[in-house]
Amino acid sequence: MEKKKAIDSKKAGEFLLNYALYIILGLLILVVIIIEPKFLSAANFIKILTQASTRGILALGVAGMIVLAGTDLSAGRILGCCAAVSASLVQSITYASRMYPGITKDLPLILPLMVSIVIGILFCALNGFGVAKLNLHAFIVSLGTQLIAYGFTCIYIDSQAGGAQAISTFNQKFLNAVNGSFNIFGFKLPYLICYFAIASIIMWVVWNKTTLGKNMFAIGGNKEAAAVSGVNITRNIMGIYIIAGVLYGIAAFLEAGRIQSVNTSTGLNYDLDAISGCVIGGVSFSGGVGTIPGVIIGVVILQVINYSLNFLGVNPYLQYIIKGIIIIIAVSIDVRKYLSKK
């Protein structure tokens, strides 16, 4: 009898440890609903998913690095740099202060998208090279890349003929492609949510059905054992980073259209939101653990918290404190899970 009680107690403890953060965040959302019942509406939920879409695509890239037992502090600033360059290529040709007055016809949208992706890949390849070949910790190399990307963004925006100003006034074709929606029996489904869904499906296939995905988990779980098993560590790490670069470029292109104005602060703290969403969704900093559905849930839950705090009119500075507490709790629970397994 006592043995059964001990087993039940252990199971209860494991359950609380595994789902503690979801319980805490669920209670927080419940409090918001009690305070303001109007928060619980289909319109608000669509807004939340739309806002979470670009950061969710960013988080899909960051998640791979966390599975590799690393991180990426440069994701937000890389997004800002990609967004600035791609946004300058989709400005309306009737806008007198556009960055490239020599462009007299709207460019095919695939061109600025590809430019954004290439920039994302270059920065992520730099991070990947530092981790895979130079054996630098991902924290250090991404911290350096963060500053480089931010510097490039500032120089690029400051190089405008009219001086430093936000890059805005985009052509309608671009805005429609980003902010449009499907009309399904009177219900409007934003394109951004569809883009996020497509990216999530593709990344689920990469993580679960490809050799690269299996090797990613092997390297994150035990790098030395993976090397002994014949896994090419450098090639696989670079592969994960390059995929992240593609996702960053896509997220940046879409984010420029969503916010409709890009400046030097675009992307600020996006990396922290992406990392928080991943950890909330169960991607472990210890490496080798994580799922795409978990990342999606984590990103959406975090955006629900962000949106609810704004919805209630909570002081923006206090919101930073709340987000910081959430990050600390999430990482603390992750560490406890790792120790309990050991």
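The structure described here is a predicted model. The two strands, β2 spanning residues 181–184 and β3 spanning residues 187–190, run antiparallel to one another and pair over four bridges. Within this pairing, F182 has L189 of β3 as its bridge partner.

## Helix α6 and what covers it

Helix α6 covers residues 172–179, and F174, L175 and V178 are buried in it. Viewed down the axis of α6, these buried residues fall within an arc of 95°, and they therefore line one face of the helix. The cover over the buried residues of α6 includes α7, which runs over residues 191–209, and α10, which runs over residues 233–259.

## Y248 in helix α10

Helix α10 also holds Y248. Is this residue buried or exposed? Y248 has a relative accessible area of 0%, and is therefore buried.

Leaving aside neighbours within four places in sequence, Y248 is in contact with L58, G61, V62, M65, D72, A75, I78 and C124. The C-alpha atom of Y248 is separated by 8.0 Å from that of C82, although the two residues lie 166 residues apart along the chain.

## The largest pocket

The largest pocket has a volume of about 540 Å³. Of the 19 residues that line the largest pocket, those closest to its centre are R55, D273, N306, Y320 and K323. By class, the lining of the largest pocket is made up of seven nonpolar, eight polar and four charged residues.

Which helices supply at least two residues each to the lining of the largest pocket? They are α2 (42–67), α11 (270–280), α12 (292–311) and α13 (316–341). The largest share of this lining comes from α13, which provides six residues.

## Q319 in helix α13

Helix α13 is also the location of Q319. Because its relative accessibility is 7%, and buried means under 20%, Q319 counts as buried. When residues up to four places away in sequence are not counted, Q319 touches N306, L309, N310 and V314. One of these contacts, N306, is also among the residues closest to the centre of the largest pocket.

## Enclosed cavities

A search of the whole structure finds three cavities of 30 Å³ or more. The largest cavity holds about 70 Å³ of space, and two or more residues of its lining come from each of α2, α11 and α12. Of these helices, α12 gives the most to the lining of the largest cavity, with four residues.

The residues that line the largest cavity are A52, R55, A59, D273, A274, G277, V299, L302, Q303 and N306, and by class they comprise five nonpolar, three polar and two charged residues.

Technical notes
Residues numbered from 1 in each chain as written. Predicted model: local features only at pLDDT ≥ 70, side-chain atom pairs only at ≥ 80, totals over all residues. Heavy atoms only, no water. 1 Å grid on protein atoms, 1.4 Å probe; cavity = no way out; pocket = protein on both sides within 12 Å on 5 of 7 lines; lining within 4 Å. Points joined across faces, edges and corners; volume = space filled by probe spheres on them. Nonpolar A, V, L, I, M, F, W, Y, C, P; charged D, E, K, R; others polar. Pairing = 2+ DSSP bridges. Buried < 20%, exposed > 50% of the residue type's maximum accessible area, 1.4 Å probe, protein only. Arc of directions from axis to C-beta. Contact = heavy atoms within 4.5 Å.
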